[in-house]
Amino acid sequence: MLFNSLEFILFLPLVFALYWLIGSKRVKAQNLLLLVASYAFYGWWDPRFLILIAISTLVDYWAGLQIDQTPDKGKKKPFLWISVGVNIGILGFFKYYNFFVDSWIDAWGALGYEMSPSTLNIILPVGISFYTFQTLSYTIDIYHGKVKPTRDVISFAAFVSFFPQLVAGPIERASKLLPQLLNPRKFDYNQAVIGGKLLLLGFFKKVVIADRLAVYVDAGFENMGSIAAIPALLVVLLFAFQLYCDFSGYSDIAVGVAKMFGIELSINFLYPFFSKSLVDLWKRWHITLFSWFRDYIYIPLGGSKRGKYKTAENILIVFLISGLWHGASWTFVLFGLVHGVLYLPYFFSKRKKQESASLLINGLKIVATFCLFTLTLGLFRSPDFETAGIFYRKIITLSQYSFHISEVVYQLREVVESGVALATILGLIVFLLVFEWATMQGKLPLKKYRFGEVLIYQAMLYLIVFYGVFNNSSFIYFQF
Amino acid sequence: MKRFIKHTLLFLLPVLIYGAVVRYVDPFNYFGNSRFTKVTQMDYAYPVNRTLYRMVQFSQTDKNKLLIGDSRMNYIGALTDTATTAFFNFSSGGAGMYQMVDVFNYAVSQRPISEVVFQVSFDDFNEQQDHSEIEHAKSILENKLLYIYNISNLEVLYHVLADKLTGKQPSIGAVNTNKDRYWEECLKNERDFHQGKNYVYADTLKVKLKAMVDHCRQKGIKLTFVLLPVHYDVLQIIKDENGANYQRFKKDIAQIMGNALFIDMSEMQVIHNREAFSDPYHLSDDSTRLDIFNRITNGY
């Protein structure tokens with residue numbers, strides 16, 4: 001089920017009402033409801049893949065208990081490897097099997113050996129990368145003694161499949177989410193209101209901005225060969241906002257819905273487009289994924305404690321894996337590598353702790369970081385290296401540019417039919433940025449002017465209702 | 001909890017009230033009990049969302065003979081709105097040929113169709129004009145909530161209310177200029193259109209039209225292609241600026257049509273009579289429109 005579907009509009013109030021009707025004293029019954037609702041939510045898309053979640057859940061539940069009950073650290077390891085093996089095995093098969101087989105065939109083909117293709121027609125289960133990482137962290141944390149396993153299989157299954165964040169995060173840790181599920185939750189009016197506001201903001205980002213931008217971005221990348229340099233730049237700029245609004249919109253809805261159920265989820269985006277460097281940006285973008293990589297890959301590899309070269313190597317490994325996590329394609333791997341390489345100078349910069357107080361300098365840093373990030377998204381969005389190559393050649397070759405105003409207007413029409421439509425969507429993006437900037441700075445005096453606050457959220461509601469796109473378009477990060 | 005539910009409902013109240021108003025008024029007659037007369041629907045709902053209007057109408061009629069085209073065909077087909085004919089006018093202003101093919105596919109997917117008069121147009125035979133509103137309108141037809149909260153309803157209600165308050169006549173989409181000036185503007189745009197890069201011969205449309213012809217042959221649907229007249233001034237610009245493609249277009253249509261009938265009215269005598277047109281594209285002379293209507297629906 002999609003958040004932006006009419007089914008969800010009925011599903012959410014129903015589950016919400018039942019959940020609080022059961023009451024906070026009957027935790028197990030509430031968790032059972034969450035589990036049933038979560039499986040219904042996921043199974044709405046394709047019930048066959050519920051079996052994969054069930055396998056991951058049962059294996060990790062069992063492995064967690066075995067690790068805890070085994071006193072000898074050495075003997076704990078096989079259970080950990082079973083958990084890692086099963087989870088990574090499922091993820092690897094469903095997400096990467098065809099990718100590696102194709103790459104293998106291509107590699108031999110490049111050496112002059114013909115191999116017959118043996119790829120399978122595999123459907124990628126939605127959200128598999130998210131819940132796999134979430135449940136994996138449970139057994140790893142038990143192994144390291146950071147978390148105690150639970151014997152309550154229903155609550156554990158609800159932790160793995162908690163519907164607001166099941167298919168696109170935030171990727172939660174057992175240490176944060178599981179205790180909340182094991183203990184009574186009380187309905188908190190203020191938290192529920194904040195949740196409702198986040199829900200609205202998330203829908204606004206998704207159905208008003210992201211899905212409207214999707215039309216231009218899709219058309220732009222489909223016709224990358226024929227459009228000029230300035231429209232190509234516009235397309236990738238719009239994609240930056242589409243990606244952000246799509247993914248952070250999902251996270252806002254997830255966090256908002258969870259709050260209405262009395263559960264706190266982690267923040268996944270912290271105003272990333274106001275970052276002053278790429279290091280800063282990766283601390284604000286998809287925070288739960290990068291903290292996962294930090295804790296379960298970067299630190300176990302040695303982190304930054306084994307000298308500069310080893311640190312650089314570890315950073316590059318993390319970014320490569322992060323690229324591959326995003327999709328089974330070499331464009332994603334290269335995207336990860338490029339960010340790893342771009343990250344290093346910032347990371348090792350001796351001046352990194354010197355914060356500039358100048359508004360101008362900070363503004364320039366923000367703009368530069370945004371531009372750099374946006375340019376790399378050409379690689380992220382391109383379906384293949386050929387399209388990415390066309391895009392980068394187009395924007396690098398100066399001869400591709402025309403600055404004659406009528407020509408530019410004509411070129412832009414190849415991407416966006418109507419100037420009014422483009423102006424409207426750019427206006428909404430500016431509104432969102434101002435709203436986020438003011439919220440970030442704590443300069444939004446909404447508590448003082450309640451009427452103003454109601455007006456802003458009413459405006460969002462009307463835009464969602466009348467200007468939103470409800471065409472069952474899924475979220476970009478579902479595919480990851 | 002009660003406080004939260006109360007405040008949530010209060011917050012949603014304007015949207016809920018609006019939904020109730022739309023459900024009651026039903027501007028497009030979606031629920032079959034619109035408070036608007038047919039004339040008001042045509043004056044307001046049709047110009048705001050022509051595709052949705054036609055699709056709602058189609059879902060409520062059992063006619064199985066169709067006129068499919070753009071505003072030019074709509075002018076001709078407007079006679080079906082008043083006269084008793086076996087044809088349903090599925091034409092809507094602004095529809096390109098890609099959308100017309102989608103209209104055809106939608107109609108035949110809904111019920112058995114016996115006859116289709118399908119407008120072909122050189123200006124619309126353009127790869128750049130592949131926009132189609134059918135999928136969106138279809139999703140609205142399938143979902144009452146999407147209909148109720150469709151922005152078109154808001155637009156219709158606004159215009160009706162504004163005209164009532166100001167005492168104005170309905171004028172959505174009306175051209176606010178005199179005929180001569182508008183005529184010249186149209187010709188200039190037509191010239192720019194063919195001189196610029198806006199026209200890309202629609203090779204992909206040929207495949208779609210061929211599939212449509214094949215479907216009609218298989219299902220025994222009588223199909224007629226019609227090339228409606230535009231004023232000589234426009235025809236001359238097309239021939240001067242894009243003559244090769246125009247000839248290619250006519251040749252391709254003749255090649256695609258197979259057993260279908262092709263009625264070419266592009267060189268009718270009336271194209272030299274400026275008075276018979278409201279603008280260079282649209283015939284306004286009633287007797288000519290009736291004559292064309294009779295010819296295309298009787299297939300001669």
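**Close-up views of the predicted model**

**View 1. Phe88(B) is buried, with a relative accessible area of 7%.** The structure shown is a predicted model. Phe90(B) is buried as well, at a relative accessible area of 2%.

**View 2. The open sheet of chain B comprises 5 strands with parallel pairing.** The strand order is S2-S1-S3-S4-S5. Strands S2 (87-89) and S5 (261-264) of chain B stand at the edges with a single partner strand each, so one side of each has no neighbour in the sheet. On average, neighbouring strands are turned by 20° against each other, direction ignored.

**View 3. Strands S1 (residues 65-68) and S3 (residues 115-119) of chain B run parallel and are joined by 4 bridges.** Opposite Ile68(B) stands Phe118(B) in S3(B). Helix H10 (residues 203-219) of chain B lies across S3 and S4 (222-227) of chain B, at about 145° to S4(B). Helix H11 (residues 232-256) of chain B also packs on the sheet, where it touches S4 and S5 of chain B; its direction makes about 165° with that of S4(B).

View 4. Phe11(A) is buried at 10% relative accessible area, and Phe163(A) is buried at 0%. In chain B, Phe88(B) and Phe90(B) form an edge-to-face pair, 5.3 Å centre to centre with 85° between the planes.

**View 5. The charged end of Arg212(A) sits over the ring of Tyr467(A).** The distance to the ring centre is 3.9 Å. Arg381(A) lies over the face of Phe239(A), 6.0 Å from the ring centre.

Terms used
Residues are numbered from 1 along each chain as its sequence is written. Chains are lettered from A and ligands numbered from 1 in the order in which they are written. This is a predicted model: local features need pLDDT of at least 70, side-chain atom pairs count only at pLDDT 80 or more; totals for chains, interfaces and linings use all residues. Side-chain values use heavy atoms; hydrogens and water are left out. Two strands pair if DSSP finds at least two bridges between them. Helices (H or I, at least four residues) and strands (E, at least two) are DSSP runs, numbered from the N terminus. Axes are lines fitted to C-alpha atoms, for helices over the stretch in contact, and angles run from 0 to 180 degrees between N-to-C directions. Contact means heavy atoms within 4.5 Å. Buried means under 20% relative accessible area, exposed over 50%, partly exposed in between (1.4 Å probe, protein chains only). Rings of Phe, Tyr and Trp (its six-membered ring) pair if their centres lie within 6.5 Å; planes under 30 degrees apart count as stacked, over 60 as edge-to-face and the rest as tilted. A charge sits over a ring if NZ of Lys or CZ of Arg is within 6 Å of the ring centre and within 35 degrees of the ring normal.
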